[in-house]
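Subject: Structure handover

Hi,

Here is the structure I promised to pass on to you. Please load it next to this email, and then read on for what turned up in it.

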Amino acid sequence: MSVTTEPIPQPRPRPLLGNLPDFDAGKGVFGLVELAQEYGPIYRLELPGNDLVVVSSQELVDELCDEKRFDKKVHTPLQNVRDFAGDGLFTAETQEPNWGAAHRILMPAFGPAALRTMFDGMTDIAEQLLLKWERQGPAHRIDVGDNTTRLTLDTIALCSFGYRFNSMYSDQMHPFVGAMVRSLVESGERGHRLPLQNRLMVRTRHQYDEDKRLMFEIADQLIADRRRHPLPGGEHDILDTMLEATDPLTGERLSDENVRYQLVTFLIAGHETTSGLLTFTVHELLRHPEVLAKAQAHVDEVLGNRAPRFEDLVELGYLDRVLKESLRLWPTAPAFAVQPYEDTVIGGRYPVRAGQTLLVLIPQLHRDPAVWDRPEDYDPDRFAFERAEQLPPNAWKPFGNGQRSCIGRGFALQEATLFLAMLLQRFDLTAATRTTGSTSSRR
Ligand code: MNH
């Protein structure tokens with residue numbers, strides 16, 4: 001059998017610079033979305049040290065989700081994050097023994113039984129934030145992004161390794177946060193600089209080394225503290241699992257260095273993704289009063305005036321649809337990369353080499369007009385059971401694909417559902433204008 005192939009569409013590359021002039025790095029993922037609007041569901045971009053194929057239709061993405069042919073690619077931005085997240089789950093190669101070991105040890109630690117035990121910790125932190133808002137009163141304006149980042153950071157730290165950042169009690173974020181955010185920004189910018197530029201930026205490099213050292217020191221301290229002081233009452237959290245559990249396949253434990261990388265990874269992964277989800281959700285609820293009213297009535301019906309219990313979460317189906325629709329329009333981890341195991345042809349006509357970076361551009365995938373009716377409309381009922389059932393496979397991928405998909409998916413959705421329920425139960429929301437406040441207590 002022979003296949004007729006054709007080249008992947010590409011903006012005309014310039015000598016030495018390739019497609020650098022075509023891509024506005026300052027716009028981040030939106031720059032890639034603009035190019036997709038111009039060049040279609042598959043295009044190639046040659047950036048310095050980074051040859052990318054950007055894919056964004058459901059049909060092509062469905063093909064790339066075949067794990068027999070494609071594996072996760074730790075592409076340039078992830079390689080830069082790897083500098084401080086090491087061989088933690090997110091930045092490890094699938095073939096590295098430490099990925100397999102940590103995957104087998106940690107999957108149950110984020111599974112349904114474990115999530116039940118984390119419910120009280122999640123409620124504890126949500127309660128802190130909502131009490132603070134109640135005390136601040138209706139005239140107080142709330143920066144939703146800042147507040148939900150404190151919420152999600154405190155929640156992942158408390159629920160997975162018993163540490164309280166106590167972000168609600170101070171204006172300044174914990175020093176770990178500053179170090180992590182600066183390192184993430186710097187690791188992103190490194191990817192857009194030439195190697196010589198990177199070497200010349202001495203101050204930046206010094207700050208980066210200092211930030212890395214601080215993150216490692218805090219993580220190592222947490223590990224040492226736990227060794228010396230186990231949790232009271234025989235309690236057991238994810239940190240204990242990482243320190244004690246043996247890989248069912250090899251019988252080996254994770255090294256202290258690897259546990260450190262997992263801690264840093266959870267804080268990175270658990271911080272802006274879930275808070276972004278909550279922030280976009282509040283934004284959409286404020287723009288769609290009918291959805292807000294429906295969500296609030298739903299919460300009132302399920303919870304009334306009593307505090308939520310773990311068993312209530314599955315009853316909060318409308319909130320689940322709201323969150324899914326937010327992740328459709330605003331996927332807060334907006335891209336993931338795969339690579340073919342062998343040279344192959346995709347879409348029946350585009351040849352790609354083994355190892356080639358194939359970037360799935362999620363915001364564009366989630367607006368594929370072949371799948372989504374009026375793609376730009378915010379409509380949670382798309383995820384009502386009967387309608388969701390009609391969706392083709394791999395049309396909605398905010399958590400990535402297959403064995404390398406998000407290990408924190410259940411954690412993030414439980415945390416977001418719980419917080420949203422408590423928020424709607426207790427507050428009426430209004431968008432801040434120049435003069436008015438943004439919440440008012442319902443009791
Ligand atoms: Mn999360 C992988 C999105 C919350 C921990 N996460 C991924 C991937 C996406 C993703 C996409 C796949 C990346 C890739 O293929 O390169 N994650 C999200 C979103 C949210 C989220 C949209 C919230 C909403 N993630 C969380 C939370 C944690 C977490 C909370 C905390 C534990 N995520 C991970 C880890 C991985 C991952 C760890 C890597 C898993 C692996 O490859 O084994």
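Helices here are DSSP runs of H or I with at least four residues, numbered from the N terminus. Please keep in mind that this is a predicted model.

With that numbering, helix 12 gives the most to the shell around the ligand, namely 3 residues. The shell has 26 residues, and Lys72, Trp99, Pro398, Arg404 and Cys406 come nearest to the ligand. Sorted by class, 17 residues of this shell are nonpolar, 7 are polar and 2 are charged.

Which protein atom is a donor to the manganese atom of the ligand? There is a single one, the SG atom of Cys406, at 2.4 Å. As for its place in the chain, Cys406 sits in the loop that runs between helix 16 (385–389) and helix 17 (409–426).

In the case of Lys72, a polar side-chain atom is 2.8 Å from a ligand oxygen. Trp99 also takes part through its side chain, with an N or O atom 2.8 Å from an oxygen atom of the ligand. Leu89 contributes through its backbone instead, where a polar atom lies 3.4 Å from a ligand oxygen. Looking at whole elements, those that give two or more residues to the shell around the ligand are helix 11 (256–269), helix 12 (272–287) and helix 17.

Helix 17 comes up again in the second largest pocket, where it provides the largest share of the lining, 5 residues. Helix 5 (112–136) and helix 14 (317–329), like helix 17, each supply at least two residues of that lining. The volume of this pocket is about 500 Å³. Its lining has 23 residues, with Leu115, Arg409, Gly410, Leu413 and Gln414 nearest the centre. By class, the lining of this pocket is made up of 11 nonpolar, 8 polar and 4 charged residues.

Finally, the overall picture. The protein has 17 helices and 9 strands. Its radius of gyration is 23 Å, close to the 22 Å that the globule rule gives for 443 residues, so the protein is as compact as a globular protein of that length. The C-alpha trace spans about 70 × 55 × 45 Å along the principal axes.

Key. Residues numbered from 1 in each chain as written. Predicted model: local features only at pLDDT ≥ 70, side-chain atom pairs only at ≥ 80, totals over all residues. Heavy atoms only, no water. Donors = N, O, S within 2.8 Å, 3.2 Å for Na, K, Ca; no water. Near = heavy atom within 4 Å. Polar contact = N/O pair within 3.5 Å; in protein donor to acceptor, adjacent residues only side chain to side chain. Nonpolar A, V, L, I, M, F, W, Y, C, P; charged D, E, K, R; others polar. 1 Å grid on protein atoms, 1.4 Å probe; cavity = no way out; pocket = protein on both sides within 12 Å on 5 of 7 lines; lining within 4 Å. Points joined across faces, edges and corners; volume = space filled by probe spheres on them. Rg over C-alpha atoms; globule rule 2.2 N^0.38 Å.
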